[in-house]
Amino acid sequence: MQINTTLDDHRIAKLAAFAIALHMLEAVIPSPLPGVKPGIANIVTLYVLFKYGFASAAWVSILRVFASSLLLGQFLSPTFILSLSGVLLSLGVLWLSMHLPRKYFGTVSLSILAAFAHITGQLIIVRLWLIPHASVAYLIPIFALAALFFGIVNGLITHQLLNNSLENKIDSKSATATSLMTK
């Protein structure tokens, strides 16, 4: 049986592999608080969203969650469910955010919104399933502060990556060459 693939499939696979590698790297970094992580793999998701669109970003995110959980031995565990719920809610927010004016919602603001959505999805699962107690609400300020901080950092990194991408440099060189030729 042969599966026919496209260039988009190859690109998504490469970017998902990069996101998985970042997720694995983050998994070995100790966290001062359980559940508080920088979410560096989300940089790849944001980059793909701005560069290739929502569908590619959704594929990269979902593949990262499934593959990373398999590699870490967490598939179908509470950790997997928390990660999947966070990713699905943040993808939903990113999809809605894409319809907002671009001049007000760039990489940093979308990164912050996605980080808040991610942690909201996880806290909902924690409250409904893992710790069905109102005291979970005491965690909200800590996780909200972490989401704000890491959302800003990841958004700034994504912004810098998008500005320095090779394709942008090639496009700008082509535009310069074209403008020189027309003069």
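Guide: Here is a quick chat about the fold, the surface and a few side chains.

Visitor: What am I looking at, and how are residues numbered?
Guide: A predicted model, where local features need pLDDT of at least 70, side-chain atom pairs count only at pLDDT 80 or more, and totals for chains, interfaces and linings use all residues. Numbering runs from 1 along each chain as its sequence is written, and side-chain values use heavy atoms, with hydrogens and water left out.

Visitor: How many helices and strands are there?
Guide: Seven helices and zero strands, so the pattern along the sequence reads α-α-α-α-α-α-α. Those are DSSP runs numbered from the N terminus: H or I of at least four residues for helices, E of at least two for strands.

Visitor: What box do the C-alpha atoms fill?
Guide: Roughly 70 × 50 × 30 Å along the principal axes.

Visitor: And how much is buried?
Guide: 34% of the 183 residues. Buried means under 20% relative accessible area, exposed over 50%, and partly exposed in between, with a 1.4 Å probe and protein chains only.

Visitor: What about contacts between residues at least 6 apart in sequence?
Guide: Of those, 72% join residues at least 24 apart; a contact is heavy atoms within 4.5 Å.

Visitor: Switching to charges: how many positive and negative side chains?
Guide: There are 11 positive and 5 negative, with the centres of the two sets 8 Å apart. Lys and Arg count as positive, Asp and Glu as negative, while His and the chain ends are not counted. Each charge is placed at NZ of Lys, CZ of Arg, CG of Asp or CD of Glu.

Visitor: How many salt bridges does a search of the whole structure find?
Guide: One, between Asp8 and Arg11, with the closest N and O atoms 2.9 Å apart. The cut-off is a side-chain nitrogen of Lys or Arg within 4 Å of a carboxyl oxygen of Asp or Glu.

Visitor: Why are those two about one helical turn apart?
Guide: Because Asp8 and Arg11 are three residues apart in helix α1, residues 7-28. Asp8 is partly exposed at 39% relative accessible area, and Arg11 is partly exposed too, at 26%.

Visitor: Is His23 buried or exposed?
Guide: Buried, at 18%. His23 also lies in helix α1.

Visitor: What does His23 touch?
Guide: Ala41, Arg64, Ser68 and Leu72, leaving out residues up to four places away in sequence. With Arg64, His23 makes a side-chain polar contact of 3.0 Å. That term means N or O atoms within 3.5 Å; within protein, one must be able to donate a hydrogen and the other to accept it, and residues adjacent in sequence count only if both atoms are side-chain atoms.
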